[in-house]
Amino acid sequence: MKIVVAKNYEELSLQAANKVADIVKSKQDVVLGLPTGSTPLGMYKDLIDMNKEGKLSFKDVTTFNLDEYESLPKEDENSYYRFMWDNFFSHIDIDRQRTNIPNGMASNVEEECKDYERRIEDVGGIDLMVLGIGNNGHIGFNEPSSYFAGATHRVKLHENTIEANSRFFGSLDKVPKHAVTMGIKSIMQCRSVMILASGKGKADAIKKALEGPITPELPASVLQLHRDLTVIVDEEAASLLEKR
Ligand code: PGA
C-alpha cells in the first residue's frame with residue numbers, strides 16, 4: 001500500500017490526475033474504473049485541462065463507472081450518468097461507445113448486473129479503479145454489512161448514505177433507496193486501485209479502512225488486501241493515521 005498525503009485538496013486532485021494520466025499514456029486501450037462524488041471533481045477538472053492542452057487523449061480509453069442509482073432516468077440531474085457527462089465525458093475526447101455506467105433503469109436489474117460483469121471481462125478487466133470513500137467506509141455503494149458482496153449487484157442504501165447524498169436532492173425522501181454497484185470482488189479484481197479522501201469528515205473512515213480490522217462492517221478495509229493500492233489523502237483526511 002502506498003499512502004500519499006497531499007497538502008490540500010488541489011494537490012490531492014493533481015496527484016490523482018497525474019496517476020490516471022500516467023496509466024492512460026502507458027497503455028493503449030487502458031480500462032479505467034471511475035467514481036462519482038465531490039472528491040474526484042478536482043481530478044476530473046485537471047484531466048480535462050490536460051486533454052484540452054493536448055497532453056492527454058482519452059480516444060482509446062474504456063471506462064466503467066462504479067455505481068448508479070436505481071430508477072433515476074439518465075437525464076435526471078442527480079443520476080450518475082448525468083454527473084459523468086456534465087463533469088467529465090462531455091469535456092474530453094472520449095468515445096461514447098467506450099463509456100459504461102450501470103443502467104439503474106434496467107427492467108431486469110439482475111441481468112444488468114451480470115451483463116456489466118461480462119462487459120468488464122470482455123475488455124480484459126479494469127487496469128485502474130479510482131475510488132472515493134463514504135463517511136461510513138463504503139466504496140461504491142458497498143455499504144457496511146455482515147458480508148463482502150462479490151460481483152456487481154443491487155443494493156439497499158443505508159440511512160447514513162441517503163442522508164449524506166440528500167444534499168444533492170434537496171430532501172431525504174427524494175433520494176433513491178436502491179442502487180446498482182460494482183461489488184467488492186469486482187473492485188478487488190482491478191489490477192490497481194487508487195482511493196481518494198479529503199477533509200476531516202473522512203479521517204475516521206480512512207483510519208479504520210487502512211489501520212483497522214478487515215471487516216465488511218467497514219467495506220473499504222478490504223483494500224488492505226489489494227496488491228496494488230495507492231491512497232491519496234489530504235492532511236485533514238490523514239490526520240488520524242498512525243503510520244504515514
Ligand atoms: P464524496 O462521496 O466524494 O462526495 O465524499 C464519496 C462516497 O460516498 O463514496
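Phe 148 sits in the loop between β6 (128-131) and β7; here helices (H or I, at least four residues) and strands (E, at least two) are DSSP runs, numbered from the N terminus. This is a predicted model, where local features need pLDDT of at least 70, side-chain atom pairs count only at pLDDT 80 or more, and totals for chains, interfaces and linings use all residues. Residues are numbered from 1 along each chain as its sequence is written, and side-chain values use heavy atoms, with hydrogens and water left out.

With a relative accessible area of 32%, Phe 148 is partly exposed (buried is under 20%, exposed over 50%, partly exposed in between; 1.4 Å probe, protein chains only). Together with Ile 214 and Leu 225, Phe 148 makes a nonpolar surface patch of about 260 Å². Patch members have over 30% relative accessible area and no salt bridge; nonpolar side chains (Val, Leu, Ile, Met, Phe, Trp, Tyr) are joined within 5 Å, like charges within 9 Å.

Next comes the sheet. It is open, with three strands in the order β4-β8-β7 and antiparallel pairing; β4 and β7 are the edge strands, each pairing on one side only. Two strands count as paired if DSSP finds at least two bridges between them. Strand β4 (residues 67-69) pairs with β8 (residues 178-181) over three bridges, and Glu 68 has Val 180 as its bridge partner.

Helix α3 (residues 80-87) has Tyr 80, Phe 83, Met 84 and Trp 85 as its buried residues. Their cover includes β2 (31-34), α2 (41-52), β3 (62-65), β4, β5 (99-100) and α5 (159-169). The helix also holds a salt bridge between Asp 86 and Arg 82 (3.0 Å, N to O), two residues about one helical turn apart. Asp 86 is partly exposed at 41%, and so is Arg 82 at 29%.

In total there are 14 salt bridges, each a side-chain nitrogen of Lys or Arg within 4 Å of a carboxyl oxygen of Asp or Glu. One of them joins Lys 27 to Asp 127 at 2.6 Å, N to O. Lys 27 lies in the loop between α1 (9-26) and β2, and Asp 127 in the loop between α4 (109-122) and β6, so this pair ties together parts 100 residues apart in sequence. Asp 127 is buried at 4%, whereas Lys 27 is partly exposed at 33%.

How values were computed. Accessible areas come from the Shrake-Rupley method with a 1.4 Å probe; for residues, only the protein chains shown count as cover. Contact means heavy atoms within 4.5 Å.
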